[in-house]
Each structure stands twice: as structure tokens, then as C-alpha cells.
Amino acid sequence: QRPLCRLLSCPGTVAAALGREEQSSGSAETGSEDRTPKKRFSEVQKERREQAQRTVLIHCPNKISEKKFLKYLSQHGSINNHFFYESFGLYAVVEFSQKESVASLQNVTRTPSLGTEAAIPFRSRYFNLKLKTPLNQTSEQPSVQCGTQSSPSSKKLFELLCCAESVDDQLNTLLREFQLTEENTKLRYLTCSLIEDVAAAYFPDCTVRPFGSSVNSFGKLGCDLDMFLDLDEIEKFSTHKASGNFLMEFQVKNVPSERIATQKILSVVGECLDHFGPGCVGVQKILNARCPLVRFSHQASGFQCDLTTNNRIALKSSELLYMYGALDSRVRALVFSIRCWARAHSLTSSIPGAWITNFSLTVMVIFFLQRRSPPILPTLDYLKTLADAEDKCIIEGHNCTFVRDFNKIKPSGNAETLELLLKEFFEYFGNFAFNKNSINIRQGREQNKPESSPLHIQNPFETSLNISKNVSQSQLQKFVDLARESAWILHQEDKDRLSPSNHQPWGLAALLLPSVANNMSLAKKKKKPASERIKNLLESIKSSSTENSTATNG
Ligand code: GTP
Ligand code: MG
């Protein structure tokens, strides 16, 4: 019933509305299928990690013959897979079939002599390829097919949304355009693997694992890369060595607390990255945050990276979200749209503060889907009852057990459309009793709030914590106002469905535009006395610096 392409020209406001970090001129070729994952999380992690260890990153000259390039590299072994991408230069990601090929390539690679500057020799898997004779002096034509690692331009997205056939189609389109591509995912695992090589200078058996939206299936192109330095593997090696009445322990340095140990470890790894991590720039050690971290940019991949250590619970949360994302194909589509909607209206931000986080939003969507009748998603407690001995997982005294085999979970009998769910989501949270209730995905029902934070979302594993403790009353109010307004827009559209004469953006596209409520609240704000505005400002500063606020980003 929707007129096709009701609106093809895109108002410039959408660019700002989507608030994406990077604007791309081209579009990422994401493929058309919804890549809803079905494999077990641990299997995916293992496979990707192993793949990344056989992979190298090469900065290439702008003009290069792909054929010759591959022929040259094949001297070191067969190549499974490769792709090129552009990010302030041309890069190639090349995956060999065997790990030995990487060593073979490293053996014929030299450390550059830099004239007046000196190089710190570090044999990484990040190379620089030079041509002895520049290609443009030869007759050969360079033939490299090159993708970008960024999301589609707002203009293109807006056109796609307006041309969609239904709101359901719009939500699926947004998912398809923004989800991480196969290449981008490979690049994320490769980046972690390259960082692991640097951290291994101190901790030879360490593992650097990605977590958060890079792996939980809710990552949007351009999202940050959360990784953690896992030293537990080292522990595992030694547990098997006890025999008879003897028990061997390493002589170690003791420090007063786990937190101090974490800070010391991250401090030296941060130094390593800064001093000899190829491509790691802007290294900041943020060691006093609740969850200490090292933040840096990985220039070649363009990722903003947050490195933490001892973050097993966060990895388990990522696994849980991955599981929920894979259980029903509507979950990811809805989460992506809500995340984009929130970003478009500045409800979320890349800067830590008193605003809601993407993690909290995702948990809210999961909760909402648990509340449908019949439920679309099971509760975490139910997933725990399905777990067997192998699934058992206790981290730092917290029971993080849930079933990991998808086959044990019955699909939902609920057949509601995405359009209905989107509308109901806004209505549900537009009218939620945030003042007295807490959101709890473990039980799948509202609980009385145990403390007075404006928004209370129980941490699924550390159940005494609130994952949205940082959110101020004014930010929560803004969320509620926008949710109500969005429900109203969709409701109005229902009524207008048979008279689509107005050439206006519709459905999801209309929701992503700067809103009336926004303008109204701006107008309201203007009328507020200065003392109240200052109070609000102080409130947000206070909550952004609260120790308990944003667990990972500090
Ligand atoms: P984006 O980076 O915004 O795309 O989403 P993200 O899910 O990666 O969020 P973020 O980078 O802020 O955090 C990374 C991961 O840390 C999340 O996916 C969670 O697993 C975990 N995390 C973030 N915030 C909290 C919090 O407040 N409490 C707990 N327990 N875990 C958190
Ligand atoms: Mg993240």
C-alpha cells in the first residue's frame, strides 16, 4: 500500500540527525542478506581468532596490480582470502592458509632506514609495501577492487528508507546497511590480534579478545572496538602441572589489590602500544576509571580502541546479547533502529556522560521483547534452567550460567510485525513507571527499584549493579518525550495510510528526523531559570564522573 519512493530527495537535516562519526561518500557493499548469526559464540570467537593469526595487514601503494601483488605474496604460501580497503591510503588484508606463511613473509621483510629518524625494530604483521618502480611509469593498469569500512551516507540511507515498501522493510534495510560487514569483522579480529602481538612482549601467552558491539551482533559500522587483555589463559596452563604432593607457584610481585594489578598491567601495555605499536596513535591511559582502560586509535583500521583487562563479565554479557540477537530475526532489526533513533536525537553520544548507552538501550529492547505476549525472547533465568554442566560459568563469584546451544531454545510463537513492535516499544517506554520500577531481563518483569537512580536497569550478571546509573533525570525525560512523540508519529501515519498525498518522509525515516519534542524541549529549556539549567548541568557532570557510572568506558 505504500507508494514507492514517496520522497527521493533527502533533506540535509538527516545527515546531522544520524550524527554518525564518519561521513562516507561511497557506500559499503554490505551484501543483501541479514547475517543473523547462528553459530555458538565461542565457536565464532575461536574460528575468527585463529583466522586472524594467519592474517597480515599491508599498506600498499595507491596504484598496484592485484594480480602481481597476490602472486608475490603467494611465494610464502597459499592465500585463503584477501580484500582491499581505503582509509587514508590503500590497505590489503591477506589471510594465508597457514600460519607459517606469515613467518616466511616476515623473514624477507626489512626494517626501514628512515634518514634522520630512527626506527624501533618490531617485527609485526603490519607491513608497508613499496614498489621498486612506480606503476604509473609502466604500461600496466592497476586493478584493485576496493571497499570502504564506513556506513552508507545519510543521503543514501534516507533514500533507501523512503523507497522501502513497508516499515518492516525499512527496519530490515537499516540493519542491512549498518551491520558490520564480513570484512569489517575480519579487520576487527585482526586488529585485536595485532595488539596481542604487542602485549605479548610482556605477557607471552596473553590473549586479546574483542567484546562489546564488535562481537555481540549489534555493532554498527564505525562503532568502537572494545578489547580485553585476557591473562587467564596463562593461569589455565599452570593448573594442570600440579602432581603428587607438590604444588609449584611462580614467584611474583604482590600488589595490594586486583585493581592495582590491573592498573599496572594496563600501564605497561599502554607504554608498549605508545612506544612500539605500529599504527597505534593517541594512546591515553585512563587508569582511574571504575574499569581502568587504555584508549587509542588504530590508524590503519580506523578503529577507536578501548583496551581493558580482567573483563570476563563484559565478554559474557556480549555472549548473552549475541544469543538474544540470534534467537529471533526481529531482535537485531529492532535494536539497530532504536540505536539509530537514539543517536539521531542525541540521546546517545560517543562521549561518556549522563546519557543512556547503547548497551542499556539493547537491554531495554530485550526486556520489551520478553514482555510481549507470547514472549519473543526468553528470560535469562529461563536460559539458566536450560543450561547443562558444560554451560556452567561463575565469574568473580557471579553466576553467569545460561544455555549456549540454540537448539535447546524453542522459537517464539509470536508473529508480530516489526512495525507493530517499533510502535509498541515507544508506547511501552513512553509510559513506563521509571520512578518506581526497574528493568530486569533476568526475570523478564519489572521489579521495584532498589535505589533512587532515575533509570534502573539491573546488570544481568552483577545483579546488585545498575547499568544505567549514569543517566540523569533530564536525559531520561528526553527519552520518554521522544518515545511518546515517535509513537504518536507512527500512530498518525496509520491513520493517513490510505491518503499518502503528502510528500513527507514516512515510517522510520520520519522518526530519524529532528523532532518536534526536541524543539519543544529546547523552547522549554530556554524558559527555565538559569539556576535550574546550572543544576541540570551539575547533575550531568556529577553522574558522568560517578565511579559506578559507565563500567567499561569509565
Ligand atoms: P557501542 O560501542 O556503543 O556500539 O556499544 P557497546 O555494546 O560496545 O558498548 P560499550 O563500548 O559502551 O561497552 C562495551 C561492552 O561493555 C558492552 O557491550 C557491555 O558488555 C559492557 N558494558 C558497557 N557498559 C556497561 C555497564 O554499565 N555495565 C556492565 N556490566 N557492562 C557494561
Ligand atoms: Mg563498544
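When I call a residue buried, I mean that its relative accessible area is under 20%, with exposed meaning over 50% and partly exposed lying in between, all with a 1.4 Å probe and protein chains only. What you see above is a predicted model, in which local features need pLDDT of at least 70 and side-chain atom pairs count only at pLDDT 80 or more, whereas totals for chains, interfaces and linings use all residues. Residues are numbered from 1 along each chain as its sequence is written, and side-chain values use heavy atoms, with hydrogens and water left out.

Let me start with helix α6, residues 167–178, where helices are DSSP runs of H or I with at least four residues, strands are runs of E with at least two, and both are numbered from the N terminus. Among the buried residues of α6 are Val 167, Leu 171, Leu 174 and Phe 178, and the buried residues of this helix pack against α5, α11, α14 and α16, contact meaning heavy atoms within 4.5 Å.

Turning to the strands, which count as paired if DSSP finds at least two bridges between them, β10 (residues 303–309) has six of its seven residues buried. Strand β10 pairs in the parallel sense with β7 over five bridges, and in the antiparallel sense with β9, again over five bridges. In the hairpin of β9 and β10, Gly 302 takes a positive phi near 80°.

Asp 226, which stands opposite Asp 306 in β10, is buried at 8% relative accessibility, while Asp 224 is partly exposed at 23%.

Methods: Chains are lettered from A and ligands numbered from 1 in the order in which they are written. The expected span of a helix is 1.5 Å times one less than its number of residues.
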